[in-house]
Amino acid sequence: MIRLRWWTTAVVCLAAFPGVSWAQPDRDVLYQTSTLGALMIGIYDGPVTFGQLRQHGDFGLGTFNGLNGEMIALDGKFYQITADGIAHEVKDSTCTPFAAVTFFDRDHTAPIEGERSFTQLTEHLGGLLPTENVFYAIRIDGTFSYVKTRSVPKQERPYPKLVDVIANQPTFEWRDVKGTLVGFRCPDYVRGVNVAGYHFHFIDDARTKGGHVLECRLRGGTVTTDLTRELLLALPESEDFDRAALENDDEQATHHPE
Ligand SMILES: [Zn+2]
């Protein structure tokens with residue numbers, strides 16, 4: 001079922017399937033502002049503040065107006081990883097063009113033992129998840145023998161496409177670091193709306209550094225997942241978004257750099 005609501009933004013709600021616990025209906029929703037497709041073609045400014053965003057979740061990913069870094073929300077705190085890899089707490093008045101958040105409620109926890117690369121880790125996660133057809137918020141707390149991340153520098157108008165920005169992305173490498181991977185697994189069918197598959201950002205235990213994960217080696221840790229069957233897609237009320245050519249193309253379908 002798809003229904004349209006009008007709040008301060010136009011909202012498309014892919015409503016729930018049966019079997020969901022409704023005890024806390026607002027917590028088990030993945031709330032997203034804008035689409036990956038819009039971000040990819042350079043819609044880097046949005047009207048949604050972090051003060052508004054935190055009403056919809058305490059955990060998630062995204063970026064900032066002007067594409068000014070990578071966003072990580074963890075335990076109710078929102079961090080901006082600037083182009084130097086350093087984490088800063090985000091002010092409520094700061095705005096985002098693209099973000100996805102949820103209230104993280106533990107559905108399943110499992111230890112992860114033995115050293116695993118990022119690919120091996122996501123393969124392992126695949127074996128833990130009951131279905132690929134719903135959304136998961138995933139946090140992995142652990143010790144990493146290696147983490148490689150990237151961030152993105154603030155852009156100026158006219159904005160380049162995301163693929164061109166990340167061609168020159170600053171990257172960071174850390175060894176023997178404790179921290180958390182914060183991310184989502186989205187079903188393949190949301191391609192163009194969000195990242196299909198796994199998407200993780202990293203932040204260290206001291207909450208001082210991180211970024212969008214390109215590679216890692218997890219030495220050991222714990223994975224916690226929060227399954228959700230609801231996606232609330234809030235489309236930004238902005239001229240940039242309304243005028244954007246958002247048809248899905250092959251580039252968007254096969255590359256999902258954010
Ligand atoms: Zn990212």
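Phe 144 is buried, with a relative accessible area of 0%; buried means under 20% relative accessible area, exposed means over 50%, and partly exposed lies in between (1.4 Å probe, protein chains only). The model is predicted: local features need pLDDT of at least 70, side-chain atom pairs count only at pLDDT 80 or more, and totals for chains, interfaces and linings use all residues. Residues are numbered from 1 along each chain as its sequence is written, and side-chain values use heavy atoms, with hydrogens and water left out.

**The chain as a whole**

The protein chain has 6 helices and 16 strands. These elements are DSSP runs numbered from the N terminus: helices are H or I with at least four residues, strands are E with at least two. Of the 258 residues in the protein chain, 54% are buried. Among its contacts with a separation of 6 or more, 78% are between residues 24 or more positions apart; contact means heavy atoms within 4.5 Å.

**Aromatic pairs**

A pair of aromatic rings is described by the distance of the centres and the angle of the planes. Rings of Phe, Tyr and Trp (its six-membered ring) pair if their centres lie within 6.5 Å; planes under 30 degrees apart count as stacked, over 60 as edge-to-face and the rest as tilted. The whole structure contains 10 aromatic pairs. In one of them, the ring centres of Phe 144 and Phe 202 are 5.4 Å apart and the planes are at 80°, so the pair is edge-to-face. Because Phe 144 lies in strand 12 (residues 135–150) and Phe 202 in strand 14 (residues 197–204), the pair ties together parts that are 58 residues apart in sequence. Phe 202 is also buried, at a relative accessible area of 0%. Tyr 198 and Phe 200 form a stacked pair, with 6.2 Å from centre to centre and 10° between the planes. Ring pairs also link Phe 144, Phe 172, Trp 174 and Phe 202 into a cluster.

Two strands pair if DSSP finds at least two bridges between them. Strand 12 and strand 13 (residues 171–186) run antiparallel and are joined by 14 bridges. Within this pairing, Tyr 146 has Arg 175 of strand 13 as its bridge partner. Strand 13 also pairs with strand 14 in the antiparallel sense, over 8 bridges. Here Cys 186 stands opposite Gly 197 of strand 14.

His 199 also lies in strand 14. Its side chain makes a polar contact with the side chain of His 201 (3.2 Å). A polar contact is a pair of N or O atoms within 3.5 Å; within protein, one must be able to donate a hydrogen and the other to accept it, and residues adjacent in sequence count only if both atoms are side-chain atoms.

**Further buried residues**

| Residue | Relative accessible area |
|---|---|
| Phe 200 | 2% |
| His 199 | 5% |
| Cys 186 | 1% |
| Cys 216 | 0% |
| Leu 39 | 1% |

How many disulfides does a search of the whole structure find? The search finds 0, where a disulfide is a pair of cysteine sulfur atoms within 2.5 Å.

Leu 39 is in helix 1 (residues 36–40). Its C-alpha atom is separated by 9.7 Å from that of Val 193, 154 residues apart along the chain.
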